[in-house]
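Please consult the sequence and the model shown below while reading.

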Amino acid sequence: MAALQTNCLLRSSCFIPSQLPPCRGRWRASLQSLPKLQSLIPFEELTMLTGQSTIKRNKLVAHKEEQNNSLITAKLLAIAEAAADRAEMHAIIGEQRNNWNHLFLHSINSINLTASLMAAIASIPEIAASLPLNLSSAVLFTSAAGLMLLVNKIQPSQLAEEQRNAARLFKQLERSIRSLGASTSSESDVEEAMEKVLALQKAYPLPLLPGMLEKFPKVVEPTKWWPKQKKPQRKQGVAGNGWSSEMKEEMRGVLRVLKSKDEEQYVRLGELVLTINKFLSFTGPLLAGVAAVGAASSIGGGGHGSWPAVVGGALAAVVNTLEHGGQVGMVFELFRNCAGFYRRLEEEIEYNLGEEEKEMTEQGEVFEVKMALQLGRSLSELRSMASYSSPSSEDTEIKEFAGKLF
């Protein structure tokens, strides 16, 4: 009897409400709705609809990710365009300040030599116009002394070197940002690119006054044009970390040589060149001032009083040629930038050696190749520096420099 009732329940034609046992209304309503099951959606169609919904949802997520990547790429390209524009601006201003150096050099030398010649002519007893000649030479010497003070303050050759280096670094930064835009990037890459642009802008300012870099600093320090090191993103497509114990020893050796030899050498040379530049910057205007006093004192006092003016003017021209013709300020800036270059390599090595999370360090083999190229060495030469990492070796035992480029 139970089997018969079950069979009839499954068929709409055998549906007999009078044969059902008495139950509550909610069960009757449920059983009365059984014939309507034929109008429900089949299981196959329900599965197909669920799959289509999942596909649409995945497409929506992919579309949002694509929009986000497009936005990040647009931001990186905008920063790259700004870096390219800065590079062009620094190149133009660098050329202008290099022209300043040549213009001031030849103008001041011409003034000094002309004034010396006039003072020499005025010292001849037979010359009747000694008064106007001495007066003119005194005015010229005074003008030359003032110009020398101005030029020694701004150091045009050093200004030109600053702008040349800034143009090169901005071009390098532009290329690196464009390479980021061509790959998978994130908002952290955009922030890092912005920080690099701002750090470079601070290291090499465009304005002359105010904001010019100190030309005669009390302490010589390497130039820093990079922001603080941050955790790099793990690059896709690079298998493994690549940092073995041998490579760590190699990098410790390179780091020790960089600190004890390369950076120290360029800081020491920078201090030496700065001392020479200070002496020349003080001596040139002083000699021109002595020549001006000598020319003024010889007015109406006979011909022999003009000889200090002649000698002082000639020596002032010589000192000015040594300082600005030899571009001593540019040499000082060059040494300071070289020290900064090695300081940046030191910070990169220290960061990668000190980072405990392996996934946050740069891939070891790639980092080794980059370090070898930046130091101008082959991989075998770079690996040979691992012996300097031993604590038993003294710094005085290190005879070679890590860098071979300069």
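Directly after helix H4, Gln155 adopts a positive phi of about 50°. Helices are DSSP runs (H or I, at least four residues), numbered from the N terminus. The model is predicted: local features need pLDDT of at least 70 and side-chain atom pairs count only at pLDDT 80 or more, while totals for chains, interfaces and linings use all residues. Residues are numbered from 1 along each chain as its sequence is written, and side-chain values use heavy atoms, with hydrogens and water left out.

**Helix H4**

- Helix H4 covers residues 130–154, and the 25 residues should span 36 Å at 1.5 Å a residue, which agrees with end C-alpha atoms 36 Å apart. The expected span is 1.5 Å times one less than the number of residues.
- Buried residues of H4 include Leu133, Phe141, Met148, Val151 and Asn152. Buried means under 20% relative accessible area, exposed over 50%, and partly exposed in between (1.4 Å probe, protein chains only).

**His324 and its surroundings**

- His324 belongs to helix H8 (residues 307–325) and counts as buried, at 2% relative accessibility.
- The side chains of His324 and Asn152 are joined by a polar contact of 2.7 Å. Such a contact is a pair of N or O atoms within 3.5 Å; within protein, one must be able to donate a hydrogen and the other to accept it, and residues adjacent in sequence count only if both atoms are side-chain atoms.
- Leaving aside residues up to four places away in sequence, His324 touches Asn101, Leu105, Val151, Asn152, Gln155 and Pro156, where contact means heavy atoms within 4.5 Å.

**Aromatic rings**

- The whole structure contains five aromatic pairs. Rings of Phe, Tyr and Trp (its six-membered ring) pair if their centres lie within 6.5 Å; planes under 30 degrees apart count as stacked, over 60 as edge-to-face and the rest as tilted.
- The pair of Trp243 and Phe367 is tilted, because the planes stand at 40°, with ring centres 5.6 Å apart. Trp243 lies in the loop between helix H6 (187–203) and helix H7 (245–297), and Phe367 lies in helix H10 (residues 364–375), 124 residues apart.
- Trp243 is buried, with a relative accessible area of 13%, and Phe367 is buried at 2%.
- Tyr266 and Phe335 also form a tilted pair, 6.0 Å centre to centre with 45° between the planes. This pair links helix H7, which holds Tyr266, with helix H9 (residues 328–354), which holds Phe335.

Notes. Helix = DSSP H or I, 4+ residues; strand = E, 2+ residues; numbered from the N terminus.
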